[in-house]
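Hi,

Here is the structure I promised to pass on to you.

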Amino acid sequence: MKMKNKILTALVTICMLMFILPMAVSAADKKDTITCYVRAEQNDGTVLPYTKVTMDKNKVPSFQSYGIHSEAEDVEYITPMHILLQAMKDRGMTEELAKVDIGSSGTINDLFGWGMDQMFCVKGMMPEQTSVSYEAKDGEKYTFCQTTGQWAVGAGISGYGFFGKFGEGQGYTPKSAIETDDITTEVGKAIELTCLHIGSMHTPQFGPCNNEGGTYTKIFVGKAGKEAVTDEDYRKDLKVNKDGKFKVTFDKPGTYVVSARYYNADKTRAASNAYCKVTVKDPKQEATPKTITLSKKRFMYNGKTQKPKVTVKNAKGKVIPASNYTVKYSGKCKNVGAYKMTLTFKGDYKGTKTKTFVIEPKTTSIRSLKAGKKSFAVKWVKKTTQVSGYKVEYSTDKNFKKSVNSKVVLKNNSVSRTMKNLKAKKTYYVRVRTYKTVKYNGKNVHIHSKWSTVKKVTVK
């Protein structure tokens, strides 16, 4: 009987674990945030550059909380409209937000002053749901486009322009857009983009944005650092071929936006703007050591070899691995002195750089101060190892900014000095340091220690 009870208890425990563990794992794997990207394209350019938006799925704002006019029913999940409104809010587009108007059915009555001539696309396709009812998915990219003057077939959508290639379509839309919207290249190295368009519904239309059959395509390349192109950025020298392909080269590093506009023969728009962000790097600049930082520039003598750690960064602020350079020192870095470090670069990195660091003598301390008539006598602790002599400074200014006097003691076994001809009844502040005379660049120079703790004395 006892054995049966034990078996029954074990079975119940196993069943409970089989039920609870998947729930626990599911809860642990559950992500509370969603990250999406959104941009908005007006006929004459980008009004909202690609913007990354991260939102808490457990805290879904109401549409009206963004300061817009909305009659749409709020939902319990993040939608592309939330992503758009949040991006506008993050960019401080308060005036533009105030003009957004969403109808009760979820249709957009106005957005960026476009009225109802606009569309919302995912992968170049217009979903069956509106932007206020479609449930956003992590990592998705959404595009809102002005459609004034763009062709549409029957009840179909206007043309969607993009750089990239065609993907598999859905429903009445035979092709989707696999977009090339973010490229990294090098100065002087040409990139090739392919400009395409997609339409949908009863007479599906898709193909290259070219200059065939009366249609024509304009290519725009924005200025470095700008997130959108303007009419002034039109490049007459860039022509698409029949497949919608063209090449563009950049002669300076930076971030650029390349855009394309596809027109019908009657000069109306045939598709929305294609968009691609291009990051241009300069290999020479990246391979140029820009800054060399030493972990320490001064060491105190301890009888051992002392060398600083080196950090080298290029013009982009990235650390250059130590495998790309060798370091040679001008001495053994053990005795007091000034040492040169010569860094010789190799591989993709060229040239040599030098840095200097110092090993200073040990400091001393004041042993006694004795006041005399218009004088004082100072004694300090003797330091002879790697020390040539001492320097005594005294002043009526405790910060040693003015009225500073000094005496150099040439012998390292001398441990006292008397300062005379001082002002009676005055308080003097005194400090001492050691020094060593060394050769540096062919000249004798003094390498000093840190100053001793300051002490004061009032003369008689």
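**Salt bridges, a sheet and the cores**

At 40% relative accessibility, Arg298 counts as partly exposed (buried means under 20% relative accessible area, exposed over 50%, and partly exposed in between, with a 1.4 Å probe and protein chains only). Before I go on: this is a predicted model, where local features need pLDDT of at least 70, side-chain atom pairs count only at pLDDT 80 or more, and totals for chains, interfaces and linings use all residues. Residues are numbered from 1 along each chain as its sequence is written, and side-chain values use heavy atoms, with hydrogens and water left out.

Arg298 forms a salt bridge with Glu360, with 2.7 Å between the closest N and O atoms (a salt bridge is a side-chain nitrogen of Lys or Arg within 4 Å of a carboxyl oxygen of Asp or Glu). Glu360 lies in strand β22 and Arg298 in strand β18, so the pair ties together parts that are 62 residues apart in sequence. Helices (H or I, at least four residues) and strands (E, at least two) are DSSP runs, numbered from the N terminus. Glu360, at 1% relative accessibility, counts as buried.

The structure holds twelve salt bridges. In one of them, Arg39 and Glu179 have their closest N and O atoms 3.3 Å apart; Arg39 is in strand β1 and Glu179 in strand β9 (residues 173-179), 140 residues apart. Arg39 is buried, at 0% relative accessible area, while Glu179 is partly exposed, at 22%. Glu41 joins Arg39 and Glu179 in a network of salt bridges.

Now to the packing. The largest nonpolar core has 33 residues, of which Met81, Leu85, Tyr142 and Phe144 touch the most other members (such a core is a set of buried Ala, Val, Leu, Ile, Met, Phe, Trp, Tyr and Cys residues joined through side-chain atoms within 4.5 Å). Helix α2 gives the most to this core, with six residues. Another core, of 23 residues, lies apart from it and includes Val221 and Val248. In α2, nine of the eleven residues are buried.

Best wishes
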